[in-house]
Amino acid sequence: MSAATTRSRTARTPVPDRLCAEAVDLARAAAEEAAAPGVVGEHVAVVPEGDRVVTHYFECTDPAYRGWRWAVTVARASRAKNVTLDETVLLPGTDALLAPEWVPWSERLRPGDMGPGDLLPTEADDLRLEPGYSGEDELPPNSAVSGELADLVESEDAELTTRPEPPRRGSIAAVADELGMRRARVLSRYGLHAAADRWDEGFGAKTPMAQAAPATCVSCAFLVPLAGSLKQAFGVCANEFGPADGHVVSLSYGCGGHSEAAVMPKPPKPAPHALDTMQVDEYPLRPARDSGSVPVETDGQSEDLGHS
């Protein structure tokens with residue numbers, strides 16, 4: 001016998017056993033016994049599973065399981081004429097309605113899902129974080145990944161029941177606490193880049209608002225700069241009428257609310273009145289003697305004519 005003939009016989013499709021394929025009534029009775037009354041429909045297929053092992057498929061008429069099928073597997077022993085029941089199960093078909101694939105909570109969590117009182121644990125090897133200070137192998141008790149909190153976040157519904165104890169006196173954690181370095185971990189370079197990419201996607205230079213803006217945020221008076229290395233590329237918008245008020249924006253972002261893009265001119269100052277109507281002018285009944293409008297009075301003895 002050649003190797004090709006052996007391979008063809010080994011890989012051939014099994015032929016359904018005749019007695020097992022004819023046991024439709026036995027398979028239907030088993031399906032009706034496992035299912036609710038009236039939900040087992042027409043016989044749709046016979047699939048051989050092996051030597052003298054066949055699976056009968058029946059339609060499921062239950063409205064809650066549209067597209068599913070009842071699968072009843074029957075078998076027969078070698079040289080036996082009696083067909084026995086092997087297994088009855090409800091299986092989804094090609095067009096069956098299935099529940100979405102289960103995703104861990106850490107992957108299905110989205111921005112805005114957290115509410116008051118929710119606790120979001122971080123992994124000990126989170127790539128976004130790195131130690132805030134070095135010099136001690138053991139994590140301080142107030143660390144976010146300490147032994148106490150690590151036990152609490154093993155389950156998805158972790159709850160913080162006790163407050164961690166303060167760092168022991170003389171430890172690196174205590175010294176860091178006194179120096180103002182209260183954070184056990186800080187953002188790593190990966191965490192900074194991830195945050196920068198996320199912020200730039202929301203309020204960056206490639207957004208439609210920035211493309212139509214008259215100027216960028218780097219020259220806007222409403223921009224509040226950040227601290228640290230992120231201040232080189234980001235700030236916080238403080239324009240209450242802008243679309244990014246209270247959000248971290250890229251320095252290359254912009255909007256129509258730029259402080260210097262369209263400045264309203266100052267209203268012109270009115271000219272002073274030519275005639276001041278608020279001041280009282282004094283007009284004497286007779287002209288002043290030194291005004292030059294009347295002749296200078298002379299001595300009466302030297303004047304030939306005049307009134308006495």
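The following is a conversation about a predicted model of one protein chain.

Visitor: What does the secondary structure of the chain come to?

Guide: The chain has eight helices and nine strands. Buried residues make up 22% of its 308 residues.

Visitor: Why is H258 called buried?

Guide: Buried means under 20% relative accessible area. H258 has 8% relative accessibility, so H258 counts as buried. H258 is found in the segment after β9 (248-250).

Visitor: What makes the pairing of H258 with S219 a polar contact?

Guide: The cut-off for a pair of N or O atoms is 3.5 Å, and one atom must be able to donate a hydrogen and the other to accept it. The side chains of H258 and S219 make such a contact at 3.0 Å, which is within the cut-off. The side chain of H258 also reaches the backbone nitrogen of E260, at 3.0 Å.

Visitor: Which residues is H258 in contact with, leaving aside neighbours within four places in sequence?

Guide: They are A215, T216, S219 and C220. Contact here means heavy atoms within 4.5 Å.

Visitor: How many cavities of 30 Å³ or more does a search of the whole structure find?

Guide: The search finds one. The largest cavity has a volume of about 100 Å³. It is lined by 13 residues, and those closest to its centre are C217, C220, F222, C237 and C255.

Visitor: How do the residues of that lining divide into nonpolar, polar and charged?

Guide: Nine are nonpolar, four are polar and none is charged. Cys and Phe count as nonpolar, so C217, C220, F222, C237 and C255 belong to the nonpolar group.

Visitor: What makes a set of residues a nonpolar core, and which members of the largest one touch the most other members?

Guide: The largest core has 16 residues, and V40, F58, W70 and V72 touch the most other members. The elements giving two or more residues to this core are α3 (24-34), β2 (53-60) and β3 (68-76). The largest share, four residues, comes from β3.

Visitor: Which residues does V72 touch, not counting those up to four places away in sequence?

Guide: Among them are A27, A30, A31, V54, F58 and L85. V72 also touches T55, H56, E87 and T88. A second, separate core has nine residues, including F203, A210, C237 and L251.

Terms used
Residues numbered from 1 in each chain as written. Predicted model: local features only at pLDDT ≥ 70, side-chain atom pairs only at ≥ 80, totals over all residues. Heavy atoms only, no water. Buried < 20%, exposed > 50% of the residue type's maximum accessible area, 1.4 Å probe, protein only. 1 Å grid on protein atoms, 1.4 Å probe; cavity = no way out; pocket = protein on both sides within 12 Å on 5 of 7 lines; lining within 4 Å. Points joined across faces, edges and corners; volume = space filled by probe spheres on them. Core = buried A, V, L, I, M, F, W, Y, C linked by side-chain atoms within 4.5 Å.
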